[in-house]
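Trainee: I would like to learn how to read a few features off a model. Can we go through them one at a time?
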Amino acid sequence: MPNRPQPGDPDPDRIDPAVATRVAERSIGLFLLGVVAFSPPLVAVFAGTRFVFGIPILYLYVFAAWAVIVALLALIARRVEAAMHSPPDADAPRAGPPVRPLAGED
Amino acid sequence: MLQSWAVVVVSFAYLCLLFAIAYWGDARADRGRGVIGPYVYALSMAVYCTSWTYYGSVGRAAQDGIGFLPIYLGPTLAFVLWWFIIKKIIRISHRHRITSIADFISSRYGKSTLLSGLVTVIAVVAIMPYISLQLKAISTSFTVLIQYPEVTTPASLEPLPLLSDTALYVALILAAFTILFGTRHIDASEHHQGMVAAIAFESIIKLLAFLAVGVYATFVLHDGFGDVFAGAAGDPNRAPLLTVPDAGSYAQWMSMTVMAMAAIICLPRQFQVTVVENVRESHLTKAVWLFPLYLLAINIFVLPIAFTGLGMFADGSIDADTFVLTVPMAGGQEGLALFAFIGGLSAATGMVIVAAIALSTMVCNDLIMPVLLRTPWLKLDRRPDLSGLLLGIRRAAIVVVILLGYVYFRSIGDSYALVSIGLMSFAAAAQFAPAIIGGIFWRNATKAGAVTGIVLGFLIWLYVLFLPSLARSGWLPGGFVVHGAFGIELLRPYALFGLEGLDHMSHALLWTMLANIGAYIGVSLLTRQSALEHVQAVAFVDAFRQTRARPRLWRGTVTVANLLDLVGRYVGRDRAALVFYAYFRQRGGTLEPDRLADSPLVEFAERMLAGAIGGASARVVIASVVQGEALDLDKVMEILDEATQIREYSHRLEQKSRELEATTAELRAANERLKELDRLKDDFLATVSHELRTPLTSIRSFSEILSDNPDIDQDQRSEFLDIIIKESIRLTRLINQILDLAKLEAGRMDWQIADLDPAEVIGDSVAAVRGLLQECGVEPQVHLPPGLPPVVADRDRLIQVVVNLMSNAAKNAAGRVTVAAAARGDRLEVSVTDDGPGVPEALHEVIFEKFRQAGRSGAAKPTGTGLGLAICRQIVQHFGGRIWVENAPGGGARFCFTVPLAAEPAMAAQAE
């Protein structure tokens, strides 16, 4: 049965609870950021025919905000990935994942 | 190059490539090396981008600039919340072997057949026209393409005759593809590896094709983005598109975002690729950002293409929906135009394939099978093998769905109903969102609430979106659109209850969601869950907290062989046997056909069946064979209740036994005490008899001497008689004291408690012993402060205590005995001090016990009875006081005791 987890699989359940809480908090934070960034009044701030590098500032803003959100989402997902792959030794107290791929966080 | 035969050949070659990829994928998966990795998984999600978005985004952008974006921003936002929603849905679906969105919703609400059928019907009504739209896009783009080098708008073209319509053949091929790669397994919760691989490939093709057209429009026809926008800004037609739409479209922007957020989870095809085809939860960590990135990438060139097209065909002769195709055609790029066509083809076919699989699974498992299983005269339970029937139904459903889509598009033509179905299907899918999101977070949401919400939402959707769209296409009389149903103004579908000023979509979303969410919450609050609903609700809401232990729902008698036979009928004998053997091997047992199946095995079988025929049907099937209508959950609850009661009893028993233990301990202690008392009594008797015998012996001895020697001289005789008298007195005193003590200890003493003046009592006592004191050559000294408060005691007994202490002191004193008294707190402390040798510290306690005397070294024999102090203690304790001995300063012993003072009123009375 291919959809049964195999023993060596990275297991989302093995994530350190502290990391999981952080991931949850950041996910909500990012969602709120996205809601605000794409809310019509804020988008309307960039209305008008102003240009940056020849591109209307409205388009530049929307796509840039979108790209930033995707990038932050990727960072969160990589944090989860790193936590999933950390060894699941129950004996050793795990203060955090051994791999800390996110430079400059916290 | 763009002759129709060439286009046909290339298209068919492309479709053949799809077959090859799917075949390769399945073959690889059969060898145990699945093709669905995180990247393929993420790409397969891009089935979200259909031909409606491939061609339609540009068309929409040409109309209102940035207004097309919410369709893509919504999914991005929804994926930001993957940690809470998508991960949980996937976890639940894996555990329950969910096969479709209808299965998911019905499983959550007590495996309800009604709900699964309802969701299926809505999905078919909403999605089947969407499939038509894809086929139409193929047909239209083909028609436009083969006009090359002429560039014309499809509206001005005659529809192709049926037999030369590529779309028909494409539809047939797609049906074949879907049957081939979509129904390989009877278990619908298994992954369609080949199909997913093909979809991922299609996602790459459509992205590349769109990017190619975008690069061509931006960097070949123009000199980069700046040039595109500069040209647009100079054109009065295009310049308004560069700015944001006015405030009136805020609502549209937001409602489209919300609908797209719901759609990315609730569209059956998205549920299929995201949830059912998910192999590992961990793939999500890649997919959650790769998929939004894909959406971002495929939208970068939408505006440049739109502006380029608007600039090229400034006369408006060309439909903006075809710009992706017509811009390269107008630029003379045949190869690019063909590639763009293939991209559109891939977008359309991907959607058709996945939607057809999802819909056919739902139609088979959630609509037809439950009905068939409940139709007794079909005698389905007698059929030896039902897997063929299942596959047959699914395959037929695929053909019917796709061909119905084709017929719908051929008959309804280029009408509003078809063009607007994209967003309309989003709005319909959004009706599932409250039941799904509420279902995984709100434990008390009930089936009644979900059904009411979905039904109301769907009915309103029909009335405010679907029926008007049919009316506008001329399929229904249009009167109700303008004047409202039955001529009631308030019921105008586009301004329901007078709500005006919103676009149709926002208007529809507002009313459907208001009714849907309102009914869902309201009815859930007013109704109760059945037991099974409750069990499922807990399993869904606590998906992450739950361990593998699940409530045992089956309590029937069915043998392993019967169960195996049952599962085999639906999923195939060999496969069932294989899985059962694996099950037993995993548990370290062997398959014994004649054994009764235990509850976990029955549940395992139910899950197996659920994977094949859906949760609702699986329940019906299992219930038919597990005897004793095992899943009467109310019975389970009863058992639970019984268990609770038994626990209660056992709890009470425990308490009783604890009490018993305590009583036993008390008894044991009492017994110990009794034994101790018995021992004391024996000791006492022994001591008393000894003490009595001593004077008796001496009396008897001297009496015998006197009797045997009548000639004894007078002096000696009187001396002997004197001894006899003294010993008799001592004997009498001893007996009196023993009697006193016995009375005291037995509590039979007559007490005459009264308020007494201590000075008087002490004075009397001293007078009583004065003779004895003088005999001993001791001078009594009495120190009593004036005005001593009265005490509460028995006068005679109190005198007895003081006399006793004084005679004791007199016997030991060298020449002086002092009696003192003073009030201390609520007590009067009386002390009797002598100037004798004192009492050793070690004897301070024991001296008050019976027959214990402070034996003085050198002294021949104590003169007391050894009972006096014991009696004193008894009396003082009875008064509520305390007696003790301490060393007096300057040697000697000081015996002290306390007596409680009389209460205040008595004192006041005394003072008067």
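Mentor: Start with disulfides. A disulfide is a pair of cysteine sulfur atoms within 2.5 Å. Keep in mind that this model is predicted.

Trainee: How many disulfides does this rule give over all chains?

Mentor: The count over all chains is zero.

Trainee: Are Cys49(B) and Cys872(B) buried or exposed?

Mentor: Buried means under 20% relative accessible area. Cys49(B) is at 3%, so this cysteine counts as buried. Cys872(B) is at 1%, so that one counts as buried too.

Trainee: Now helix packing. At what angle do helix 9 and helix 16 of chain B pack?

Mentor: Read the angle with the axis distance. Helix 9 (residues 193-220) and helix 16 (residues 323-330) of chain B pack at about 50°, and their axes lie 10 Å apart. The two helices are therefore oblique to each other. Their crossing is left-handed.

Trainee: Which residues meet there?

Mentor: From helix 9 of chain B come Phe210(B), Val213(B), Tyr216(B) and Ala217(B); they meet Val324(B), Val327(B) and Pro328(B) of helix 16. By class, this contact has seven nonpolar residues, no polar and no charged.

Trainee: What about helix 31 and helix 34 of chain B?

Mentor: Helix 31 (residues 714-746) and helix 34 (residues 868-879) of chain B pack at about 30°, with axes 10 Å apart. Angles under 35 degrees count as roughly parallel, so helix 31 and helix 34 of chain B are roughly parallel. Their crossing is left-handed. Among the residues in contact are Asp740(B) and Glu745(B) of helix 31 and Ile871(B) of helix 34. The classes here are five nonpolar, three polar and two charged.

Key. Residues are numbered from 1 along each chain as its sequence is written. Chains are lettered from A and ligands numbered from 1 in the order in which they are written. This is a predicted model: local features need pLDDT of at least 70, side-chain atom pairs count only at pLDDT 80 or more; totals for chains, interfaces and linings use all residues. Side-chain values use heavy atoms; hydrogens and water are left out. Buried means under 20% relative accessible area, exposed over 50%, partly exposed in between (1.4 Å probe, protein chains only). Axes are lines fitted to C-alpha atoms, for helices over the stretch in contact, and angles run from 0 to 180 degrees between N-to-C directions. Helices (H or I, at least four residues) and strands (E, at least two) are DSSP runs, numbered from the N terminus. Angles under 35 degrees count as roughly parallel, over 145 as roughly antiparallel, 65 to 115 as roughly perpendicular and the rest as oblique. A crossing is left-handed if the near helix is turned anticlockwise from the far one by less than a right angle, and right-handed if clockwise. Contact means heavy atoms within 4.5 Å. Ala, Val, Leu, Ile, Met, Phe, Trp, Tyr, Cys and Pro count as nonpolar, Asp, Glu, Lys and Arg as charged, and the others, Gly among them, as polar.
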